[in-house]
Amino acid sequence: MSRIFIGVDGGATRTRAVVLDGEGRELGRAEGRQAIANAKEPHLAAESVAEVSAAAARAARLEMPAEGLWAGLTGAGREEARLAVEQEILRMGTARKVRVGTDIVAAFHDGFGEGAGILLIAGTGSIAMGRSEDGRQTRAGGWGHHLGDEGSGYALGAAALRIAAWQDDGRAPVTGLPAAILAFLELERTQDLIPWAAAAAKKDVAALAPTVGDAAAAGDPAAVEIVARAVRDMEAHAEALRERLGPWRAAPPVAFTGGLLQRGRPLRAPLAAVLEARGYALVDREPDPALGAARLALSL
C-alpha cells in the first residue's frame with residue numbers, strides 16, 4: 001500500500017483531488033466529474049471520488065489504494081448521505097481510512113487551519129462558515145436552491161431567466177441580457193426558455209452566470225443589478241456570522257472561494273470592496289479545498 005494521502009473536493013460541477021505524501025508534500029493533482037453526496041445513490045459520488053483519486057495517483061506516478069482519504073462533498077452535510085458515501089468508498093477499496101465531510105469544511109481548513117475566520121463560498125451554490133476567536137463554529141446559507149443559494153451561480157442564472165421573461169412581457173425595461181442568454185443557449189425565442197428551464201439541472205442554470213457577469217461588465221442595467229444583489233446577499237452571509245460569532249478583538253479575517261469569487265470573476269472585486277469598507281481583513285490567498293481535504297486526510 002502506498003503511503004499517500006488524498007484529499008477530494010467534490011461539487012455539482014467538477015471534482016478535484018490532491019495527493020500528499022506522509023510529510024504533507026504535494027505529489028499530484030487531477031480533476032474529474034461532479035460528486036454530490038446522496039443517500040439513495042451513494043455509489044455515484046463514490047465512483048467519482050475513486051476515479052479522480054486514481055487519476056491523481058497516476059499523475060503522482062504512485063499506486064492505489066491510499067493510506068487515508070478525506071472527501072469534502074456537496075450534500076455531505078446530511079448525515080445519512082455522508083455515511084452512505086463513506087461506506088461505499090471504503091467498500092470500493094480506494095483507501096484504508098476514509099472520511100467524508102462537507103466541501104466547506106475542507107476549504108475552511110486550508111484557509112484558516114484551526115484559527116478564526118469567515119469563509120464565503122459562491123459557486124454553483126452558496127454557503128458561509130465561520131469560527132470565532134474562542135473556537136465557536138457555525139454557518140450561514142447552504143439551504144439549497146429551493147430555499148437559498150443567494151449570491152450563487154444558480155441565483156444569477158435564475159435571475160437572468162426571470163428578467164428575460166419580464167422583459168418579454170413588458171414588465172421590465174428592455175436590455176441586451178435576454179439576447180445574450182438566448183445566444184449562449186442557442187435558442188431563438190424567449191418562449192424557448194420555458195422547456196429549457198423545465199429540463200435544466202441546477203448546474204445548467206448556474207452555467208449562465210458568466211454570461212450575466214460579462215453583460216454586467218459591459219454595463220447592461222439588468223445584469224448590473226443582478227450582480228449587485230448577489231454582492232449584497234454574500235455580504236449578508238458574512239454579517240450574520242460576524243454578529244453570531246462576536247465579539248472580535250481584531251478585524252474578522254474573511255476568505256473567498258468558489259467560481260464566482262475567484263480573481264477576475266464578477267463578485268470578487270465588488271464584494272471585497274464592500275467587506276473591507278465594513279472592517280473585515282481580506283485574506284489574499286484563495287483557499288484550496290482539495291488541499292485542505294488532503295491535509296485532513298493526514299490526520300486520519
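**Strands, burial and backbone**

Analyst: In this predicted model, strand E9, which covers residues 253-257, runs parallel to E10, and two bridges join them.

User: In E10, which residue is the bridge partner of Val254?

Analyst: Strands E9 and E10 are joined by two bridges in a parallel arrangement. For Val254, the bridge partner in E10 is Leu282.

User: Which strands stand at the edges of the open sheet?

Analyst: The open sheet is formed by five strands with mixed pairing, in the order E8-E7-E6-E9-E10. The strands at its edges each have a single partner strand, so one side of each is left without a neighbour in the sheet. These are strand E8 (137-141) and strand E10 (281-282).

User: Which residue in E3 does Val18 stand opposite, and which residue takes a positive phi in the hairpin of E2 and E3?

Analyst: Strand E2 (residues 15-21) and strand E3 (residues 26-32) run antiparallel and are joined by six bridges. Within E3, the residue opposite Val18 is Arg29. The hairpin has four residues between the strands, and the residue with a positive phi, near 85°, is Gly24.

User: Is the chain compact or extended when set against the globule rule, and what is its radius of gyration?

Analyst: The chain contains 11 helices and 10 strands. For 300 residues the globule rule gives 19 Å, and the value for the chain is close to this, so the chain is as compact as a globular protein of that length; its radius of gyration is 20 Å.

User: What share of the contacts with a separation of 6 or more comes from residues 24 or more positions apart?

Analyst: Buried residues make up 51% of the 300 residues in the chain. Among contacts with a separation of 6 or more, the share that comes from residues 24 or more positions apart is 67%.

User: Is Glu235 buried or exposed, and with which residues is it in contact beyond its neighbours within four places in sequence?

Analyst: Glu235 lies in helix H9, which spans residues 221-245. Its relative accessible area is 14%, and because buried means under 20%, Glu235 counts as buried. Once neighbours within four places in sequence are left aside, the residues in contact with Glu235 are Leu271, Val274, Leu275 and Arg278.

User: How far apart are the mean positions of the positive and negative charges of the chain?

Analyst: The chain carries 34 positive and 38 negative charges.

User: Is Arg61 buried or exposed, and what is the relative accessible area of Asp149?

Analyst: Most residues other than glycine have a negative phi. Arg61, in the loop between H1 and E4, has a positive phi of about 60°, and at 78% relative accessibility this residue counts as exposed. Asp149, in the loop between E8 and helix H4 (153-169), also has a positive phi, near 60°. Asp149, however, is buried, and its relative accessible area is 4%.

Note on methods. Residues numbered from 1 in each chain as written. Predicted model: local features only at pLDDT ≥ 70, side-chain atom pairs only at ≥ 80, totals over all residues. Heavy atoms only, no water. Rg over C-alpha atoms; globule rule 2.2 N^0.38 Å. Buried < 20%, exposed > 50% of the residue type's maximum accessible area, 1.4 Å probe, protein only. Contact = heavy atoms within 4.5 Å. Lys, Arg positive; Asp, Glu negative; His and termini not counted. Charge placed at Lys NZ, Arg CZ, Asp CG, Glu CD. Pairing = 2+ DSSP bridges.
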